[in-house]
Each structure stands twice: as C-alpha cells, then as structure tokens.
Amino acid sequence: MPETISRRSFLGRMAVACAAGPGLYANSRAATETAAFDFPLADLHVHLDNSTLDKVVALSKQLGIKFGIVEHAGTKENKYPVVLSNDEELTQYLDRLEGQPVYKGVQAEWVDWMSCFSKGVLARLEYVLTDAMTIRNASGQRVKMWESGFEIGEKQKFMDRYVDWHVEIMATEPLDVFANLTWLPATLMPEYDTLWTTQRMEKIIRAALQYGVALEISSSFKAPRLEFLKTAKAAGAKFSLGSNGRYPNMGKLDYSLSMARSLGLQRQDMFVPPADGQKAVQRRKF
Ligand SMILES: [Zn+2]
C-alpha cells in the first residue's frame with residue numbers, strides 16, 4: 001500500500017479530527033455507526049508500521065471498532081516500513097499480536113510471498129489481504145503504479161491488463177480479502193466511471209466469487225464506487241471494511257460505512273476471518 005498517499009490522507013484526516021475535537025469526534029461517531037448495523041464493526045486494513053500496539057488497541061476500544069492488523073509480507077524486494085519475509089519474522093509478529101483484541105492478518109506483496117513462509121506458520125494468520133496496485137511492466141518487473149514514472153500507455157489496453165491482473169492474483173494466491181479495488185492511477189481518476197465498464201467490473205467480481213475472496217470497501221481511496229458494489233452484492237459477494245490507516249487513522253471508515261448503509265449490508269454480507277481449516281491458505285493449493 002502506498003506510503004505517500006497515506007501520508008497525504010493522514011494530514012487531511014488529522015485536520016478533520018482536530019477541528020471536531022478528537023475524543024468527542026470518535027465517541028459520537030462510533031455510537032451512531034454501531035447502532036446502524038446488525039454486525040460488529042471491524043476495520044480489516046490496519047497497518048502498525050512503527051506505531052505501538054498499545055496505542056492502536058486503545059484507539060480500537062475508544063472507537064468500538066475491532067482492528068485487523070495487516071503488516072506487509074513478502075520478499076525483501078518489496079519496499080515498505082515493515083516487510084515480514086520469513087517464518088521467524090512472521091512468528092514474532094504473530095506472537096506479538098497473540099492474545100490482543102485484534103485480528104491477525106498480513107497484506108501480501110507481489111506474486112511470490114507464499115514462498116517466504118511455511119504453511120504451518122501461514123495458517124496461524126486469520127486472513128490474508130492484498131491489492132493489485134503493484135503490477136508487471138512490459139519487462140515483467142514489479143512497478144508501484146502510484147509512484148511517479150509509471151507509464152499507463154493506451155488506457156483501454158491498460159484497463160484490460162489491470163483487470164486481468166486482478167484475476168491472475170486471485171487465481172494464483174491464497175487470499176481472503178482483496179483491498180483497494182478499482183483504484184486507478186491519478187491521471188485516470190476523472191474517467192473512473194467510464195473506464196470501469198460493467199464487463200470489467202463483472203470479470204473481477206466473478207473471480208472473487210470463484211476463489212472465495214471478499215471485496216474491501218476502502219475508505220482510504222473511496223473505492224469501489226456504488227455501482228461496482230451493487231453489482232457485487234447482487235452477485236453474492238462478501239465485503240470487508242478498510243481504512244488502510246496508520247496511527248491514528250485506523251478505524252476511520254466513513255466512506256465504507258456510508259456505502260454499507262447505501263447497500264443495506266447485513267451480517268450475512270460481511271466477511272469475517274474464517275474458522276480454522278477454512279482460511280484461504282488452508283483451502284487453496286499454492
Ligand atoms: Zn495497506
């Protein structure tokens with residue numbers, strides 16, 4: 001997930017939180033939100049990075065929103081503040097979260113993250129989340145699409161390649177949640193509604209259903225938009241809510257909750273981390 005974008009939204013959100021008064025803002029919001037839904041609120045896209053777990057857990061209690069922690073996981077070729085890259089690092093991380101009132105997840109990076117870990121250690125995770133924002137360039141190398149210098153090329157061809165990339169990721173990696181869905185490079189955002197054709201949306205939704213992957217409603221990127229989500233709900237997809245937040249921005253789910261309200265999401269529509277034996281790393285071959 002992009003650090004640069006999150007830093008920018010961090011500043012914006014701080015301004016809002018400060019204007020409202022941090023304590024009041026959090027408490028009144030959580031009370032209203034909880035009353036509106038028949039399922040417990042969870043933000044399944046929370047990065048610890050360099051913040052302390054104590055602070056994050058205290059914030060979760062204050063908001064009345066359970067957090068799912070997803071540090072990045074994959075080879076060290078993936079550049080993030082924290083990248084768990086082997087059994088030892090993943091075990092230390094899991095031990096740190098054990099017994100805390102949070103879900104234990106990772107945000108998987110690139111296509112080879114599974115090879116860093118043994119299946120037994122992966123099975124201690126409660127879920128695996130990823131996104132499609134790092135893609136292959138023409139030479140097959142990984143590129144972060146949100147960084148400057150990324151070349152889109154012809155936009156219709158890019159969109160088809162991007163959609164196929166989503167499908168390839170879901171077909172080949174044991175994933176529980178797909179995050180940051182329908183995000184587009186900034187230059188394409190003005191054309192979001194026309195570039196995300198019904199056909200493209202349906203291709204991704206079909207793959208999610210085929211492989212049992214839940215779809216994140218991202219407050220970080222205000223995506224996917226309502227039409228995608230309506231199509232996904234009608235098809236029977238499961239949803240998760242995500243802030244992609246670093247401290248103190250985890251749990252800020254305004255967009256996700258507004259979409260959940262518009263869609264009339266109920267308990268049966270929501271992804272919850274699966275029982276032992278049902279996790280993607282246990283039921284998928286890889
Ligand atoms: Zn992320």
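Tutor: We begin with a term: a residue counts as buried when its relative accessible area is under 20%, and as exposed when that area is over 50%. Please keep in mind throughout that this is a predicted model.

Student: Which residues of α3 are buried?

Tutor: The buried residues of α3 are L53, V56, V57, L59, S60 and L63. Viewed down the axis of α3, they fall within an arc of 160°, and therefore line one face of the helix. The general idea is that an α-helix has 3.6 residues a turn, so residues three or four places apart point the same way. On the other side of α3, the residues D54 and K61 are exposed. G64 follows α3 and has a positive phi, near 70°.

Student: How is α9 to be read, and what are its buried residues?

Tutor: In α9, which spans residues 226-235, F228, L229 and A232 are buried. Their directions, seen down the axis of α9, fall within an arc of 95°, so these residues line one face of the helix. The face turned away from that buried side carries E227 and A234, both exposed.

Student: Let us turn to the metal. Which residues coordinate the zinc ion?

Tutor: The zinc ion is coordinated by H45 and H47 through NE2, by Q107 through OE1 and by N244 through OD1, at 2.1 to 2.5 Å. Along the chain these donors follow the spacing H-x1-H-x59-Q-x136-N.

Student: What should I look for in the backbone?

Tutor: Most residues other than glycine have a negative phi, and most peptide bonds are trans. N244 has a positive phi of about 60° although it is not a glycine; at 2% relative accessibility, N244 counts as buried. K222 also has a positive phi, near 50°, and lies in the loop between β9 and α9. At 53% relative accessibility, K222 counts as exposed.

Student: Where are cis peptide bonds found?

Tutor: One joins A223 and P224, with omega about -5°; P224 is in the loop between β9 (214-218) and α9. Another joins Y247 and P248, with omega about 0°, and P248 is in the loop between β10 and α10.

Student: Finally, how many cavities of 30 Å³ or more does a search of the whole structure find?

Tutor: Rolling a probe the size of a water molecule over the atoms shows where empty space is left. The search of the whole structure finds one cavity of 30 Å³ or more. The largest cavity holds about 70 Å³ of space. Its lining comprises A108, E109, W110, V111, T130, D131, T134, W165, I169 and E173, of which five are nonpolar, two polar and three charged.

How values were computed:
Residues are numbered from 1 along each chain as its sequence is written. This is a predicted model: local features need pLDDT of at least 70, side-chain atom pairs count only at pLDDT 80 or more; totals for chains, interfaces and linings use all residues. Side-chain values use heavy atoms; hydrogens and water are left out. Donors are N, O and S atoms within 2.8 Å of the metal (3.2 Å for Na, K and Ca); water is not among the atoms, so sites may look incomplete. On a 1 Å grid over the protein atoms alone, a cavity is a set of points where a 1.4 Å probe fits but cannot get out, and a pocket is an open set with protein on both sides within 12 Å along at least five of seven lines; lining residues have an atom within 4 Å of a point. Grid points are joined across faces, edges and corners, and a volume is the space filled by probe spheres set on the points. Ala, Val, Leu, Ile, Met, Phe, Trp, Tyr, Cys and Pro count as nonpolar, Asp, Glu, Lys and Arg as charged, and the others, Gly among them, as polar. Buried means under 20% relative accessible area, exposed over 50%, partly exposed in between (1.4 Å probe, protein chains only). Helices (H or I, at least four residues) and strands (E, at least two) are DSSP runs, numbered from the N terminus. The arc is that of the directions from the helix axis to the C-beta atoms.
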